[in-house]
Amino acid sequence: MRTIKITVPGSKSLTNRALILASLADGISVIKSASKSDDSLVLIKALKKLGVVMTEEDHNLKVVGNNGKFKLFNGQIFVGNAGTATRFLTSLVALVPGRVTIVKSKRMKVRPIKELTDALKKIKTGKVSVKGDISSQFVSSLLMIAPVLEKGLVIKIIGQLVSRSYIDMTIDLLNKFGVKVINRQYEEFIIKKNQKLKPVVYEVEGDASGASYFWAIAAITGGKIRVKDINPLSSQGDIKFVDILQKMGCLVNKNVKESWIEIQGPKLLKAVEVNMSLMPDTAQTLAVTAAFAKGKTKIIGLSTLKIKETDRLQALKNELKKMKIKSKITDSSITIVGGSPQK
């Protein structure tokens, strides 16, 4: 069987975290293979407007960090529908002297942000509390500015923390920039004072969320697709998507040394029951894959999907219906009855 080999663009999630940390580092960082997604471009433009010096050289981003010391800025920062950029910038502008207005799209205005803004009012005390069941981006946003705060930061999580893999990703990036994070069972995070973000040369891994589409194609068609520049040991939560495909009958081959993951689809896909709370962004990919599987697939742990740029659960149900595939949704799950999708 012929193996199709592809390379996906750099991870948006890793790129946006690296951009924030590089901007706050004490020196010049170089970000290689950065994502050119809309979210990343919005964030780059916003950081430049806030005075961060950033240039592109040989397809690499050179970022001159300011150690958290911004010049006076009074004005608007447009973020549109960019969710990650909105949450990350909300914390970052708390460091900027002046009055900064973040201009959002109509949808972004109804997406939750109050938990984060309430926490930011208390960052000077060195201790904040955040509900964990709304968005992990609130915690990531606070963690990334913590190293430049005078007292460091202790973040107490109220309730259960959703999408923990994205917190792991943030902590992994902070470690790469030289900052130690104490993680107390995802109930409390501590970044002690007097830690500086060190400038780095960082190469962004391929985007695991984007790679999931190609792995799903292999699963559905019975073909063999290898995605390169993907670290099987990545901190990206969506890397675990291939493990679900394996449960559905796919053959999975991982190569850590050469950084690739290969999927070969089976003759017959099997339905699964799976909790995707650690990788909600690939739930839609799995739902469409499940439409071609034999049996009833149930995906739980999807409470955050209703508050994305659209209600992703309702959107999934609507699109599956167009394919003549039956599905049922709740506030945190979707059940798909596999069969023979039609145009």
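The model is predicted, so local features require pLDDT of at least 70 and side-chain atom pairs count only at pLDDT 80 or more, while totals for chains, interfaces and linings use all residues. Residues are numbered from 1 along each chain as its sequence is written, and side-chain values use heavy atoms, with hydrogens and water left out.

R87 belongs to helix α3 (residues 83–92); helices (H or I, at least four residues) and strands (E, at least two) are DSSP runs, numbered from the N terminus. R87 is buried yet without a salt bridge, and D39, the nearest side chain of opposite charge, is 8.7 Å away. Buried means under 20% relative accessible area (1.4 Å probe, protein chains only); a salt bridge places a side-chain nitrogen of Lys or Arg within 4 Å of a carboxyl oxygen of Asp or Glu. With residues up to four places away in sequence not counted, R87 touches R111, P112, I113, L116, S135, Q137, F138 and S141, contact meaning heavy atoms within 4.5 Å.

An open sheet of 4 strands has the order β1-β12-β14-β13 and mixed pairing, where two strands pair if DSSP finds at least two bridges between them. Each of the edge strands, β1 (3–7) and β13 (251–255), has a single partner strand, so one side of each is left without a neighbour in the sheet. The twist from one strand to the next averages 15°. Strands β12 (residues 224–228) and β14 (residues 260–264) run antiparallel and are joined by 5 bridges; E262 in β14 is the bridge partner of R226. Helix α8 (residues 208–221) packs on this sheet, touching β1, β12 and β14, and its direction makes about 165° with that of β12. Axes are lines fitted to C-alpha atoms, for helices over the stretch in contact, and angles run from 0 to 180 degrees between N-to-C directions.

Antiparallel strands β16 (residues 296–300) and β18 (residues 333–337) are joined by 5 bridges, and I299 has I334 of β18 as its bridge partner.

Conventions
Buried < 20%, exposed > 50% of the residue type's maximum accessible area, 1.4 Å probe, protein only. Lys, Arg positive; Asp, Glu negative; His and termini not counted.
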